[in-house]
Amino acid sequence: MSQAGPILFVSNAERPPYIAALDEARLFPVIDTDWASAARAVEQVQPAAVLAAMHAGHEPYLAPLARKIAEQLPYLPFVALDPAGMLPHNALPFFARGGNSDRLVARLRAALRVRTLHATVLRRLPEAKVSLPDGDPARDATVLLIGRGAAYPALSVALGERVGVVGALSIEAAAKHLNTRDLDGVVLAEGFTARVTDAFLTVLAEDTRFRSLPVVVTAHQLTQSYDLPNLELIPGEPAKIASNALPLIRQHAMEAQASRTLRSIDAGGWLDPRSGLLTVEAFARDFAKAVEQALARGGGLSVARFAFDPGNSRAQLDAARILSRLMRQMDFGVAQKDGSVIVVFAETDFRTAHMIARRLSAVMRHTSNGKHEMRSDPVVSVDSLSSSDTARSLLARLSADASRAAS
């Protein structure tokens with residue numbers, strides 16, 4: 001992986017010894033600057049990443065530096081070393097815990113991969129009929145909160161004010177969520193023994209799907225190292241845990257968004273980079289074609305519609321992402337403007353489609369979003385193609401079934 005640009009190290013004190021390890025890991029040159037000159041240095045040096053030591057005299061400079069870094073394109077990773085309080089939204093926390101340089105190198109490499117991915121997207125966007133979704137990627141992030149105990153409800157609220165939260169009271173329930181949905185972070189709260197925590201982290205580290213996932217542990221000392229570059233130990237008040245975890249979660253959400261955008265570019269703009277499903281136009285085209293072929297060949301074709309409260313757009317997005325992950329290769333779907341998600345099951349009869357739809361809706365039901373614990377229970381309607389149908393009549397019947405079911 002090529003690292004375009006030096007690393008800027010911001011501090012009002014001597015370099016800690018573990019910074020020297022960056023040279024050995026071929027993450028260099030490292031250029032030093034103090035806090036007062038840091039924002040200017042970002043412009044002059046054009047770094048690939050910024051590391052900042054959070055002690056002595058950084059307070060007045062932190063917010064302006066974070067703003068300057070947030071304006072840079074492509075994504076510029078900003079790592080805050082040993083932060084004490086709340087962090088700006090784009091400052092990734094790194095607690096040195098005795099100066100283990102391997103962890104810092106892994107954290108930086110993971111962040112630089114996100115920068116490279118973002119640069120690739122920006123380079124390819126002009127040739128495509130795709131635009132990057134607007135707004136803060138963290139707004140669409142989903143975090144798995146695992147815990148039992150007094151801090152769990154407060155943590156759920158503190159995280160839920162910023163991101164979608166999926167709760168799990170046991171490691172077994174957590175494992176199920178990890179396999180069925182796209183997550184942007186895991187917060188492991190109190191209620192588990194050190195042995196259970198160790199086993200869980202070991203399993204995550206051994207599965208390549210979860211290796212770049214931010215994992216925040218709030219209640220245990222971590223005595224050994226795991227191959228999880230974005231693993232962090234953050235004890236303290238729920239508000240502090242949430243604010244320190246958020247930058248890591250945001251970076252992962254941004255990486256996921258960039259990956260979906262690249263897939264959309266590769267698909268000629270027919271995929272929606274926010275949901276991962278087809279765009280409305282692409283769906284209309286593919287659905288008409290699928291109905292035509294099923295009528296000509298006599299194969300089964302079923303359709304399911306998952307309708308959500310129109311005021312809960314977040315539930316629709318979660319459902320769309322769950323579907324884009326769990327659908328079979330031959331199925332396709334779309335997030336509709338009316339707040340529903342439609343999935344087409346190719347070669348599938350009504351009974352099988354009904355069973356699949358029930359399973360999918362059970363997964364969707366577990367996410368709560370925001371402060372008000374808005375549940376995302378969809379109204380599900382399923383229908384199958386009959387010989388007298390057209391694409392339009394089948395969809396119209398599906399919507400009529402849904403409004404009857406809802407009333």
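In which sense do strand 3 and strand 4 pair, and over how many bridges? In this predicted model, strand 3 (residues 49-53) runs parallel to strand 4 (residues 78-81), and the two are joined over 4 bridges. Within this pair, Ala 53 lies opposite Leu 81 of strand 4.

Both strands belong to an open sheet of 5 strands, ordered 2-1-3-4-5 with parallel pairing. Strand 2 (30-33) and strand 5 (91-94) are at the edges; each has a single partner strand, so one side of each lacks a neighbour in the sheet. From one strand to the next, the twist averages 25 degrees.

A second open sheet holds 4 strands in the order 12-13-11-16, and here the pairing is antiparallel. Its edges are strand 12 (332-335) and strand 16 (379-384), each pairing on one side only. Neighbouring strands of this sheet are turned against each other by 15 degrees on average, direction ignored. Strand 12 pairs with strand 13 (residues 340-346) in the antiparallel sense over 4 bridges, and Gly 333 stands opposite Val 343 in strand 13.

| Helix 4 (residues 101-124) | strand 1, strand 3, strand 4, strand 5 | about 160 degrees with strand 5 |

How values were computed. Residues numbered from 1 in each chain as written. Predicted model: local features only at pLDDT ≥ 70, side-chain atom pairs only at ≥ 80, totals over all residues. Heavy atoms only, no water. Pairing = 2+ DSSP bridges. Axes fitted to C-alpha atoms, helices over the stretch in contact; angles between N-to-C directions. Contact = heavy atoms within 4.5 Å.
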